[in-house]
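Here is a short tour to read alongside your viewer.

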Amino acid sequence: MPRKIYSNLLLVEDDKLNRMLMGQYLEGEDHQVTFAVNGREALELLVKQPFDMVLLDIEMPEMNGYQVLNHVMADPKLRDIPIIVTSGVDQLESVVRCIEMGAEDYLTKPVNRVLLKARIDASLEKKHLRDIQKATLQRLEREMEIARNTQMSILPEKLPNPIGYEFGALMIPARAVGGDFYDVIPMQNERWGILIGDVTDKGLPAALYMTLTYSLLRSEASRETAPDQALINVNHYLLGMNAANMFVTVLCGILDTKSHKFDYARAGHLAPVIVDSKGNMRSAALQQSQPIGIFDNLMIDRGSISIPKNGTLLLFSDGVSEAVNEEDEQFDEERLGLVLRECSALNPTEICNKLWQEVQDHGGLVLQQDDFTVLAIRHK
Amino acid sequence: MNLLTKIDPHIFNTLKLDFGEDFLEELLETFCNDSNQQLESMQTALEEGNAEDFTRAAHTLKSTSLTFGASAFGALARELEMLGREGNLEASREKFQQLYDASEPLFSELKDMCHASENL
């Protein structure tokens, strides 16, 4: 059985004797060797064929080793090929310079066969591992992209347009996939089920837990379950799931577009906020509550708010209120109040966009930590 | 003269073991021919006062002779390379002559070692 060709090497060496010698060694190790007698030829060959490694003589007439290195490092398609430079033993300064430029290792001439094999094997192994790593990362990114698209597709595509009301919403996940969710679900008698939630954790596990919770809540809404009972039911189900260390904060409620009241149940989530026609913000009164997915006897905060004419009901996640800047200051209630006051003339979608802009400005260079979600409902 | 033809047996025998006598002979053939060319180059360069060509030829001669274990010869070639780099061709004349005179005896010595049995 023929032995497998281990790798494609490019040997750049102007001296014939050295080419013969090293070529002999390398071919003895089952490498496929291509020879270049100078830098120019080396560069021509590099763009024509794929090589696993280059052995480069530093001192050659015409184009020398540095120039070859320069060209290779500047080319993104060639940059990852490991380069071992060869030189006389009195040229260590040049060697150091080459390594600073990006060469991976060096060999002194006359080349010792044992060292040649050792250095080449080491470099090839490293390259092999880097290639695997790169392929794995690319695959992961593709999978995350699919997960993100799947997740984004389950959120409401279009918000409803009931008479006398206008809806706006915006969700920006912190990572490729998020843990926040929201929905507006049609119910009987001109009422709408509104929900917003936030799963602890981020990334793929949170996204999966989020999808589950969200589906459970939706099915409760379709059965016209009262908000507090819905939370209790879903809590019960999640506890049966045994999902380690994950829980969800939820705010769900029913908006009655005839009575203009929003009756809600809150489990650990931020309380809703009302902005009146003049731009004054007020939060709903709070009573203690717990997130779902942890405790058997769930503590729920039940409340009811009226939405005044030309007023806006806002539900949001802590990606808004806890967004920090470089000084670690949160985007707190005061700031929120100011922004909402400025926005009071804008429509709900515009309000959501403006809020996102403000939160981003506030954060500055700090990377987004939490999913940002806002749901704005105006009583026209 | 004797000193300049000295060959490091360890280096040479390793080559012999790695490549076998036949390929080694081929290598030596190339070495001798190429070295003569380098020496001619150096001669011409000296006459023309061309330090660059002189240096380059000396450099190659140094590398290749060291490869075969001709340490003293290689060291002399290195000295000439250094002088060439400095542009000091005048000071090179005498040493170059020594190198030139040692070359043929060196080549003979190498060929003898190639054909000699290992247990000398």
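Predicted model: local features only at pLDDT ≥ 70, side-chain atom pairs only at ≥ 80, totals over all residues.

Residues are numbered from 1 along each chain as its sequence is written, chains are lettered from A and ligands numbered from 1 in the order in which they are written, and side-chain values use heavy atoms, with hydrogens and water left out.

**Chain A and its sheet**

Chain A holds 10 helices and 15 strands (DSSP runs numbered from the N terminus: H or I of at least four residues for helices, E of at least two for strands). Of its 380 residues, 48% count as buried (under 20% relative accessible area, with exposed over 50% and partly exposed in between, using a 1.4 Å probe and protein chains only). Among contacts in chain A with a separation of 6 or more, 68% come from residues 24 or more positions apart (contact means heavy atoms within 4.5 Å).

An open sheet of five strands runs in the order β7-β8-β9-β10-β13 of chain A, with antiparallel pairing (two strands pair if DSSP finds at least two bridges between them). Its edge strands are β7 (180-187) and β13 (301-306) of chain A, each pairing on one side only. Neighbouring strands are turned by 15 degrees against each other on average, direction ignored (axes are lines fitted to C-alpha atoms, for helices over the stretch in contact, and angles run from 0 to 180 degrees between N-to-C directions). Helix α7 (residues 227-241) of chain A packs on this sheet and touches β9, β10 (261-267) and β13 of chain A; its direction makes about 25 degrees with that of β10(A). Within the sheet, β8 (residues 191-199) and β9 (residues 248-256) of chain A pair over nine bridges in the antiparallel sense, and A:Trp192 stands opposite A:Leu255 in β9(A).

**Salt bridges**

Over all chains the count comes to 25 salt bridges (a side-chain nitrogen of Lys or Arg within 4 Å of a carboxyl oxygen of Asp or Glu).

| Pair | N to O distance |
|---|---|
| A:Lys109 and A:Asp57 | 3.2 Å |
| A:Arg218 and A:Asp183 | 2.3 Å |
| A:Glu224 and A:Arg191 | 2.6 Å |

A:Arg218 lies in helix α6 (residues 203-222) of chain A and A:Asp183 in strand β7 of chain A, so this pair ties together parts 35 residues apart in sequence. A:Asp183 counts as buried at 2% relative accessibility, whereas A:Arg218 is partly exposed at 35%. A:Lys109 and A:Asp57 are both buried, and A:Glu13 joins them in a network of salt bridges.

**Meeting chain B**

How many residues of chain A are in contact with chain B? There are 14 from chain A, in contact with 21 residues of chain B. The area buried between the two chains is about 1,500 Å², with 63% from carbon and sulfur atoms (the accessible area, 1.4 Å probe, that two parts lose on being put together, summed over both). A:Leu17, A:Met20 and A:Leu21 supply 33% of the area that chain A buries against chain B, more than any other three residues. One salt bridge is found across this interface; B:Asp18 forms a salt bridge with A:Arg113, their closest N and O atoms being 2.7 Å apart.

B:Lys62 is found in helix α2 (residues 51-67) of chain B and counts as buried at 4% relative accessibility. Beyond its neighbours within four places in sequence, the contacts of B:Lys62 include A:Asp90 and B:Glu81.
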